[in-house]
Amino acid sequence: MDGRFHNMVSEPQAWCNSTVANGREGVFASQLRPVDADAADSWVWLAYDQLNLAFIKSLNPSESWGVVFVESPRKAGSRPYHQQKLGVLLSNQRHAAIELQALGIPVLYLFSKTNYAMAIEEAVSILGPIHAFNHAERELRVELAPLTQNGSLLLHPHPGWITPRDWFETSVGVEPPFRMDKFYRKVRKETGWMMVEGKPIGGKYSFDAENRFPWKGDPSAPEPPIFAKDGIDDEVESLIATHYAGHPGQVDLRFVPTSLADVKHALSTAMEALPNFGRYEDAMSERSRGLFHSRLATLLNLHRIMPVHLAEEVLGRDVPLNSKEGFIRQLIWREYVHHIHEVTDGFRTLEVQRLSSTRGAQWPEFQYSDEELHPNHLNQTMALPQAYWDSSSGMRCLDASVEAVMDDGWTHHIPRLMVLSNIANLLDVDPRELTDWFHAAFIDAYDWVVEPNVLGMGTFALGTAMMTKPYVAGSAYINRMSDHCGSCQFHHKKTCPMTRLYWAFLDRHSPSFDGNHRMAMAMKNIAKRSQEEKERDQATFEHVRTMLTSGKTLRPEGVSSLQDWS
């Protein structure tokens, strides 16, 4: 083998510690064994989100397989990725390499300052054609398309999905409107999950109505797991803190799983919380950011845990049916958004209102424009407020949710939908900017999952292609489902601006909801609202937008001066 690859290192990275770049020193590099091209019959590249032995086992067992990994700073530097996101991905990939090597599988680990395509092309020049699996991220598929077209990359089906595409197409179709219910029923029937004689256990498919209870502190919520760091974790933390100090957040790998031992611990902790998951699935609390949620999405999206194995684990547990069904429904939703993203080529085939957008989520040094027009059904163009990064909005629900993201790179799905997305929607924030923020800030976000969830559900950027109506709400919902209002400077009924923002949103966009039966009641209510109240709603919207756009903090006296709250 060419000497460049003898120690699993191609051209050294400018950002990499010299002890790692020379392939002989450093904690991780010192554990990599030299490998030759003829160490395996065939070589397969595992991308950063394919970190499971099951991928290798899905290949022809009569051949011996070597594994190629690629580590490149170009991906890490392409967005203002949260430092914790960079750390959890990089440490998991490095751990996966050592774990596969320990099983006797030859591992070729390439450090490269180029992109993935160029690194793979260099490897192909020595190893010959390399096998790979269909990639989940559209961004990666586009980058690698020339290599698949010229035969350098030989693609295999991705073994990480629970559902084949034909289940989606036969139940939902390939054209909008896309609706989850038909797909969900299809998957339940095909798998037999929670079914008896072709009918759902409990007499209905969804127990969502039983999963909407606020949490008042009893039963006590579990503490989030803490993981023991090893030398690889320490080395990754040092690398991220040194070379990505300008990215948001901080890296602390005590709070995320990175090794197989960590994965087992994370799974065990999640299953202990499962009995109470269903009832409090929609609750939010500052006393417990995660409540009874599993926190396993990051591991699923990296495929450190195979989704079908997680489903089997949950189905085998003796827990309340609403918890079991709620968890399985989230797994099937994950499959659903993947199919939609793939079928629509990341929504590029949809006929929907589109606008140009500033990219980079308003993080300094990452602002740029692209040539694409992005889905924007409601023509929302406000820049993402700095309150989503590092300044206070004055609204406790928003500030607490952003604090959680900046600390952990994570919140569960209700703060994402009903606080972070809801408030952005009410303010007419550009949906693409909000999506870019989610993509960069969350440790479990990849294009195939974040774009459907934010463009299709969190906002109304796709119109009715995915959702029948926008998910917007005023302060009553936040007060009912969380404890944020109790510590907020605003009174949820008397001074909180959110309810007037809600009415202003409905009035502003009412033409877009004409004929929408799911919005009929809301449109009747806005029609009954007096002109005077509508003017106060609009004044509140203008005040809040002006303050947050300029990075200022809202105050009750500033909001109250606009309106008569009596």
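The structure contains zero disulfides, a disulfide being a pair of cysteine sulfur atoms within 2.5 Å. In general terms, a disulfide is a covalent bond between the sulfur atoms of two cysteines. This is a predicted model, in which local features need pLDDT of at least 70 and side-chain atom pairs count only at pLDDT 80 or more, while totals for chains, interfaces and linings use all residues. Residues are numbered from 1 along each chain as its sequence is written, and side-chain values use heavy atoms, with hydrogens and water left out.

Take Cys485: its closest cysteine sulfur is that of Cys496, 6.4 Å away, which is too far for a bond. Cys496 is also in no disulfide, and the nearest cysteine sulfur to it, in Cys488, is 6.2 Å away. Cys485 has 17% relative accessibility and so counts as buried; here buried means under 20% relative accessible area, exposed over 50%, and partly exposed in between (1.4 Å probe, protein chains only). Cys496 is buried too, at 11%.

## Nonpolar cores

Let's turn to the interior. A nonpolar core is a set of buried Ala, Val, Leu, Ile, Met, Phe, Trp, Tyr and Cys residues joined through side-chain atoms within 4.5 Å. The largest one has 146 residues, and Trp45, Tyr336, Trp437 and Leu506 have the most contacts inside it. Helix α15 gives the most to this core, with nine residues. Helices are DSSP runs (H or I, at least four residues), numbered from the N terminus.

A second, separate core has 35 residues, including Leu32, Val44, Val107 and Ile240.

## Where two helices cross

Helix α15 (residues 321-343) and helix α19 (residues 447-458) have axes that come within 9 Å and cross at roughly 90°. These axes are lines fitted to C-alpha atoms over the stretch in contact, with angles running from 0 to 180 degrees between N-to-C directions.

## A look at Asn301

Asn301 lies in helix α13 (residues 297-302) and is buried, with a relative accessible area of 4%. Leaving aside residues up to four places away in sequence, Asn301 touches Asp49, Arg334, Asp444, Tyr446, Trp448 and Val449. Gln531 is 230 residues from Asn301 in sequence and 49 Å from it in space, C-alpha to C-alpha.

Technical notes
Contact = heavy atoms within 4.5 Å.
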